[in-house]
Amino acid sequence: MAITSQPAMVRDYWPRYRRRALVITIFMQIAATIAIGSTLVAAGVLVPTPAFWVTIFAILATTLGVNILLATQLLIPLKNLTSALTHISGEPTVITPPSPNAQSFERDGFKPLLQLIYQLAAGDITATQAPAAAIATHATNFTTALDNAAIGFVIMNVQQQVSYANKKAPVHITPQGATVLDLLFEADDTLTAWLKDCEEHAVHAEHTWQRVANKIVGEDDRKIYDVVASYQKGSEAEVVISMFDRTATYQPEDDSLDFLAFAAHELRGPITVIRGYLDVLGDELGSQLSADQVQLMQRLVVSANRLGSYVNNILNASRYDRRHLKMHLAEDSIANIYSSISDDMQLRASSQNRLLAVHIPPDLPTVAADSASVGEVISNLIDNAVKYSNEGGAVDVTARADGDFVKVAVTDRGIGMPGNVISNLFHKFYRSHRSRETFAGTGIGLYICKAIIESHGGKIEVRSREGEGSAFEFSLPIYATVAAKLQAASGSNEELIRRQEGGWIKNHAMFRG
Amino acid sequence: MAIKTILCIEDDRFIGEMYVRSLKKAGYDVQWVVDGEDGLVAARNKPYDLILLDIMLPERKGTEILSALRGDGKDLIPTTKIIVLTNFEQDEESRAVMQRGVDAYLIKAEITPKKLLAVIDKLATL
């Protein structure tokens, strides 16, 4: 005959446990009585007379009765709990489930326990009423406080999803219900990139970003924040982000750039027309012009080109001041960058009777450069060299490799500078007393050159001797030395790295005339 | 892809005439419209090989035209190349958005008609 083992049922527990509890109670009582009785007899304190036996049995009966009553009483809560659990387990049972509304439960405080069991069974996981209430009060206080706080506040969990955002936080909720931060980070310095770096290398870290906007320029309710993020690996609140609204400080500066942007737009219109029509006329008149008329045309072209450069300088300087000067670094060669401005430079030099000699070795290593900006630097330096050299003087452009850098120098044999001028040379609007009197200019060219070169991770230096001329030399990192870093950064900005042969023409540098 | 037909959307008469004159001389078939609305209609009605698109335009901005033609993941003019030609100094983010949707992004003040022809030649060979 096969032995079938019944699965244990919830309802079976109570009768079995009750039985065992009573058996143990009775057994222990009898054992205790026998032990005490025998000890007394053995010690000779009492003699086993009939009176002795009567007394022993009387004590045994009384204590048994009292203890069974006591045990039964003590087991009542267990009985109620098991019958409640039997009831919610869905097992067939004849026992009436204990009602949480029974007065006795209300009196002895069993009611909340029963309610908790029934609520848990109903899937109401917030059933932990008493502590929940306390936590809820705290949470409400915190939420209210955070919502009233002057800063935006966001918490991210280990999965780096937003788990909390207060009212001031610039966030939006996706159709899928996820909360997403509205912050437009610079392409090469994003929160995501920082978090990735933290995950790999940090246990605790902090980072600050300045001037992070939540919307692009022109959209309503655009705000500009300083953002501070702290990272604590594995914490419930792994990332805590505070956003300080600095719109009032940054917006006026942005507005002034808006003004400059519009002003540049206005200036560029006529420049476009002048340069364009000179181009068209030069083509169409071509052979009809006499030699001196060709020279007049060239002067027009050179002046129009320089006008264009000045507008670019002003725009670059204003971008730099707002920290919006962006370099899109790509692998390029100095020879290639120079070739894009070569015609213009030759024309500028020759129209002012300077001899421009360019020696850029074709086998120099490639550099990481924003070709348009580096073109602007070289053009500014040549402009200066032409301006501060003498009629018929020579201007040399040379390039060489030096360690991890390629160095480009523009040298003239012109009027040179005394030492006290050199130290101020790269300051904005700086113009030496002498040059103010003798030469036209804005004092912005070298300032922007320095900004551009330093944004590349290079340096710009000057050597000069009064009466003998000046040499400006700037360095750019060799592409191979920074390629890995640049490629890592390009994950967030595919335009950051462009190889020259790429199929997309982003920049005007190659086509500058 | 050979480029023959060009739509020039440019509101500045001097600049428009300048491009049209040199492009026609170079043998292109050029249509020129001065406002954004007409530009969008023209771009939708005929498959041009190339569109020269200004940003600051009356009626409809170049950015709006671009997003109407190539926004939301669709591309109404897959065979057409677009060159944005502008003097307007856009902020970095808006410029990046436009650059993703076009084949070239050029500053007009830097581009003489001769240089524009060189860019078009280069685009045609890509």
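1. Among contacts in chain A (heavy atoms within 4.5 Å) between residues at least 6 apart in sequence, 63% join residues at least 24 apart. This is a predicted model, in which local features need pLDDT of at least 70 and side-chain atom pairs count only at pLDDT 80 or more, while totals for chains, interfaces and linings use all residues. Residues are numbered from 1 along each chain as its sequence is written, and side-chain values use heavy atoms, with hydrogens and water left out.

2. Chain A has 14 helices and 14 strands, taken as DSSP runs (H or I of at least four residues for helices, E of at least two for strands). Of its 513 residues, 40% are buried, meaning under 20% relative accessible area with a 1.4 Å probe and protein chains only.

3. Leaving out residues up to four places away in sequence, L381(A) touches V410(A), L446(A), C449(A), I460(A), F472(A) and F474(A).

4. Y28(B) sits in the loop between α1 (13-25) and β2 (29-33) of chain B, and is buried, with a relative accessible area of 14%. Beyond its neighbours within four places in sequence, Y28(B) is in contact with I3(B), K4(B), I6(B), L23(B), L117(B), I120(B) and D121(B). The C-alpha atoms of Y28(B) and T5(B) are separated by 6.1 Å, although these residues are 23 residues apart along the chain.

Note on methods. Chains are lettered from A and ligands numbered from 1 in the order in which they are written. Buried means under 20% relative accessible area, exposed over 50%, partly exposed in between (1.4 Å probe, protein chains only).
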